[in-house]
Amino acid sequence: MRLTVDGKDIEFDAEPDMPLLWALRDLAGKTGPKFGCGVAACGACTVVIDGQAVRSCSLPVGDVTGAVTTIEGLATDGKLHPVQQAWLDEQVAQCGYCQAGQIMSAYALLEEISDPTDEDIDNAMGGNLCRCGTYPRIRTAIKKAASLKLARA
Amino acid sequence: MASIGKIARRTFLFGMAAVAGGVAVGYYYYRRPYPNPLEGELAEGEVTFNPYLKIGSDNTITVIAPRAEMGQGISTTLAAFVAEELDVTLDRLKVEHGLPSYAYYNAAMLEEGAGFNFWDDSFTAETVRGLMGAAGKMLGLQATGGSTAARDGFDRMRQAGAAARIMLIEAAAARFDVPARDLTTDNGTIVHKASNRSVTYGEVALDASKLAPPSKVTLKEKTDWKLLGKPQKRVDMLAKVTGAPIFGIDVRQPDMLFGTVRMSPVFGAKPVRSDTSAASKMPGVVKIVPIESSYGSGFGVIADNTWAAFKAAEAIDVEWGKPDYPLSNDDIMARIADAARTGEASAMRDDGDVDVAFADAPQDRVIEAEYSVPYLSHAPMEPMNCTARLKDGVLDVWAPNQMPVLVRWFCSDIAGVPGDKTNVHTTSMGGAFGRRGELDYALYATILAKETDGRPVQVTWTREEDMRRGPFRPASVGKFRARIGNDGLPVAVDMRVAAQNMMASLMSRTFTSLPAGGSDPSITDGSRNQPYTIPNYRVSEIQVPDLPIPVTFWRSVGNSVNGYFHECFMDEIAQAGGIDPVEMRRKLMANHPAALAVVNKVAEMSGWGDSLPEGKAKGFAFTLSFGSWCGQVIQIADTPAGIKLEKMWIAVEVGTALDPGIIETQMTSGAVYGLSAAMGQAITFEDGRVVQSNFHDFDAMRIFQAPEFEVAILENFHRMGGAGEVGVPPAAPALANALFALKGQRFRSLPLSKDVTFA
Ligand code: FES
Ligand code: FES
């Protein structure tokens with residue numbers, strides 16, 4: 001089976017019903033996306049396909065059509081993506097386990113809406129659980145990332 | 001487990017002997033230093049000064065932060081202790097967890113366990129605190145829990161940095177042939193101003209390491225701190241925003257297999273009939289093996305990938321034994337309620353004479369209430385997992401765990417290899433909240449590693465296994481009464497709190513040969529030790545017998561239960577006495593200036609007493625836990641979609657704020673954790689099995705539900721408190737009290753979602 005992940009073509013041997021998450025983690029060596037629930041209820045496994053935030057734990061790898069971007073492919077040319085930079089500046093992460101998924105959801109949000117309102121943030125991020133309760137800083141960081149992105153553009 | 005029983009008995013007895021037998025016996029043991037565990041693992045050109053510090057000839061400075069990083073920022077704060085005295089900035093350092101070692105014992109955790117009120121400075125309290133600390137050294141508890149890690153490392157790790165700096169300066173002085181006092185340090189370099197010469201720490205590290213450590217070091221005054229007391233950038237933040245493989249579940253070893261477990265859903269039961277043949281033949285499955293352990297019975301699946309293991313585990317055809325405890329949630333809770341009402345109680349606090357005070361109380365001056373809270377799962381984001389390899393007589397265990405020394409004891413015992421042939425690698429943890437102080441995930445991985453001919457195996461639990469097998473936060477029922485005086489203040493308060501004995505439950509899974517009788521102070525933690533002065537004030541513990549549901553520490557432990565009980569009942573007392581709840585606290589806490597300052601601060605921040613528009617209300621609660629005094633006010637609003645949490649104000653007294661940035665995030669984190677449980681979480685039972693299975697029926701607060709937060713950190717008290725758990729206990733009662741203020745109705749049972757819809 002072939003997939004494009006973070007700009008690279010990779011090949012691996014998987015049953016088509018295997019969720020993309022496990023193909024990435026156990027077969028393709030991409031441990032960035034995390035396992036949290038396996039039932040699309042927590043967002044830890046979020047990756048982006050065709051601009052959409054997708055729960056990779058609930059998408060059979062055989063159904064993947066587009067190129068996959070994970071947290072590991074977000075930084076380019078050794079430079080953090082504005083969302084990652086904002087997360088770093090705002091010191092968002094506590095345990096950090098949910099943050100790959102949070103960052104990917106925020107990345108997809110900002111691709112679609114460059115200057116999101118609080119309500120946009122609520123809608124886009126509601127599927128991403130954080131048991132450490134980093135929500136206040138996530139909100140601040142998304143707004144910061146929006147302005148960083150604008151400044152870089 | 002015989003050998004472990006013996007080790008444990010010996011060490012526990014030593015600990016107890018020190019406490020019981022007086023200073024003379026204990027003292028020698030306490031002073032005897034442990035060997036430096038870094039000696040054996042130095043890289044080329046690297047030297048070590050003490051168990052906390054390595055310096056390479058290339059000036060790479062590595063600090064060992066021997067407490068588990070589970071999101072509380074402890075690795076950053078511990079590194080800052082060494083860095084502050086060594087005179088380097090945090091970005092110059094590498095931070096490692098270190099191998100399990102007795103050198104990294106946690107004294108503060110046992111000191112806290114001594115059972116004295118936190119404000120009690122009396123000779124006995126101080127002596128016993130000191131002795132319990134000594135016992136911690138003997139036990140070699142490299143534990144992370146009880147919000148103790150920063151307090152524990154505060155002196156030891158600063159001294160480690162200061163002593164090394166003195167030695168480095170001496171070595172440089174010898175090299176330059178100048179007096180040490182003419183030298184200064186600047187971020188990893190030693191400078192001789194007069195001759196304009198300088199040398200890095202790394203260049204003199206080897207010479208310095210040969211010098212005798214100074215007999216006395218003087219630590220910096222607080223006013224001279226450059227790092228401590230100021231928010232630091234977390235040392236692991238970059239790794240966490242780039243998806244770096246730092247968690248247990250990210251461990252990758254050559255030739256690694258994957259696996260999972262399927263354990264009995266009935267506590268204490270074994271499979272009575274099973275057939276694994278179909279599951280064994282599924283694609284990718286290597287082997288299915290039975291698991292028998294002190295934690296439970298079931299099966300382990302070894303496979304080529306985690307998904308194959310999950311599918312095969314589900315396909316195992318098994319019938320489990322019958323429960324030997326009540327089957328339904330109602331019956332289990334009734335057992336606890338019966339104990340609260342009629343069980344034999346032991347008073348853990350007993351001021352004045354409560355029985356006399358109630359004997360002649362006029363009926364209309366007495367209020368009574370019964371409260372209850374459910375069992376809870378910790379549900380950390382990273383499900384339980386562990387990777388193990390048993391090869392050539394050496395066991396390696398990669399475990400996101402809070403108890404490396406115990407993991408080593410138990411896993412080496414299972415693998416049949418000596419402790420010194422067992423390497424426990426503690427990874428970063430995707431949350432823990434007490435759950436990773438248990439050992440099951442490590443035991444199971446070790447059991448499976450015996451079946452793989454030397455190949456490493458990573459054993460990941462499904463969320464369903466994680467949520468249903470426990471151990472859980474114990475459920476609890478409290479029965480309370482108060483007599484209100486003519487001035488509206490309570491004359492007498494009598495609280496009976498019933499729950500399972502958590503220590504006994506823990507012992508039944510670990511040190512099975514040790515007796516586990518006696519009191520469990522966690523049952524009343526957060527009720528019996530609050531800074532209120534009430535003339536007749538009794539808080540009693542009642543243990544619920546014969547209930548084998550596995551229970552354990554859950555973020556803030558007994559305080560998460562008793563914070564709710566105590567502070568909601570105080571709110572009821574204030575109402576009955578016709579006094580504003582905050583005003584009543586001011587009166588009852590007048591003897592404790594630290595508490596009073598917190599109450600006043602949070603009242604001022606939140607505009608307590610200001611009039612609110614129709615449909616909005618505020619609630620207040622206060623809990624002293626883990627040495628920190630925390631007051632919270634929450635404001636809620638009734639909206640068409642349900643109750644919305646608008647804003648929470650938190651004031652916390654921590655003594656010394658080592659890193660205000662981290663303390664602030666820990667306060668909001670704790671509050672979110674406590675509010676999540678209060679709003680919607682419960683583990684319930686049907687047919688003796690857990691009903692909930694995943695985040696769809698055991699959810700937590702989402703971003704759109706989170707209130708805005710404002711946190712104030714106070715530093716008035718003379719002793720330092722913890723941070724990681726302190727924000728949890730007042731959150732549930734603040735919310736329940738706000739709901740009362742809004743609706744005029746008491747909510748005496750959690751979760752609140754049984755009675756209230758949240759937006
Ligand atoms: S693991 Fe995919 S949403 Fe939770
Ligand atoms: S940072 Fe720990 S779960 Fe979000």
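Reply: Here it is, and one term is needed first: a residue counts as buried if its relative accessible area is under 20%. Please also keep in mind that this is a predicted model.

Me: OK, then is B:F472 buried or exposed?
Reply: B:F472 has a relative accessible area of 0%, so B:F472 is buried. B:F472 is found in the loop between α15 and β19 (476-484) of chain B.

Me: And what is B:F472 in contact with, leaving aside its neighbours within four places in sequence?
Reply: With those neighbours left aside, the contacts of B:F472 include B:F267, B:Y375, B:L376, B:M467, B:I549, B:P550, B:I683 and B:V690. As for rings, B:F472 belongs to a cluster in which ring pairs link B:F267, B:Y325, B:Y375, B:F472 and B:F685.

Me: How far apart are the C-alpha atoms of B:F472 and B:D364?
Reply: They are separated by 39 Å, and the two residues are 108 residues apart along the chain.

Me: Back to rings, then: how many aromatic pairs are there over all chains?
Reply: The count comes to 23 aromatic pairs over all chains. In one of them, the rings of B:Y371 and B:F565 have centres 6.3 Å apart and planes at 55°, so this pair is tilted.

Me: Which elements do B:Y371 and B:F565 lie in?
Reply: B:Y371 lies in strand β14 (residues 366-373) of chain B, while B:F565 lies in helix α17 (residues 558-577) of chain B, so the pair ties together parts that are 194 residues apart in sequence. Both B:Y371 and B:F565 are buried.

Me: What about B:F433 and B:Y673, what do they form?
Reply: B:F433 and B:Y673 form a tilted aromatic pair, with 4.5 Å from centre to centre and 40° between the planes. This pair links distant parts of the chain, 240 residues apart, with B:F433 in the loop between β17 (422-426) and α14 (440-449) of chain B and B:Y673 in helix α20 (residues 660-680) of chain B. Both B:F433 and B:Y673 are buried.

Me: Which ring does the charged end of B:R481 sit over?
Reply: The charged end of B:R481 sits over the ring of B:F358, at 3.8 Å from its centre. There is also B:R746, whose charged end sits over the ring of B:F740, 3.5 Å from its centre.

Me: Changing topic, how many residues of chain B are in contact with chain A?
Reply: In chain B, 60 residues are in contact with 50 residues of chain A. The area buried between the two chains is about 4,300 Å², and carbon and sulfur atoms give 61% of that area.

Me: Salt bridges there, how many between chain B and chain A?
Reply: The count is 4 salt bridges between chain B and chain A. The side chains of B:R252 and A:D26 meet in a salt bridge, at 3.3 Å from N to O.

Me: Which elements of chain B give two or more residues to the side that touches chain A?
Reply: They are α8 (237-241), α10 (306-315), α15 (463-468) and α20 of chain B. Of the residues on that side, α20(B) gives the most, with 8 residues.

Me: Last one, where does B:N59 lie?
Reply: B:N59 lies in the loop between β2 (53-56) and β3 (61-64) of chain B. Its relative accessibility is 10%, so B:N59 counts as buried. Leaving aside neighbours within four places in sequence, B:N59 is in contact with B:R92, B:G188, B:T200, B:Y201 and B:G202.

Notes: Residues are numbered from 1 along each chain as its sequence is written. Chains are lettered from A and ligands numbered from 1 in the order in which they are written. This is a predicted model: local features need pLDDT of at least 70, side-chain atom pairs count only at pLDDT 80 or more; totals for chains, interfaces and linings use all residues. Side-chain values use heavy atoms; hydrogens and water are left out. Rings of Phe, Tyr and Trp (its six-membered ring) pair if their centres lie within 6.5 Å; planes under 30 degrees apart count as stacked, over 60 as edge-to-face and the rest as tilted. Helices (H or I, at least four residues) and strands (E, at least two) are DSSP runs, numbered from the N terminus. Buried means under 20% relative accessible area, exposed over 50%, partly exposed in between (1.4 Å probe, protein chains only). A charge sits over a ring if NZ of Lys or CZ of Arg is within 6 Å of the ring centre and within 35 degrees of the ring normal. Contact means heavy atoms within 4.5 Å. Buried area is the accessible area (1.4 Å probe) that two parts lose on being put together, summed over both.
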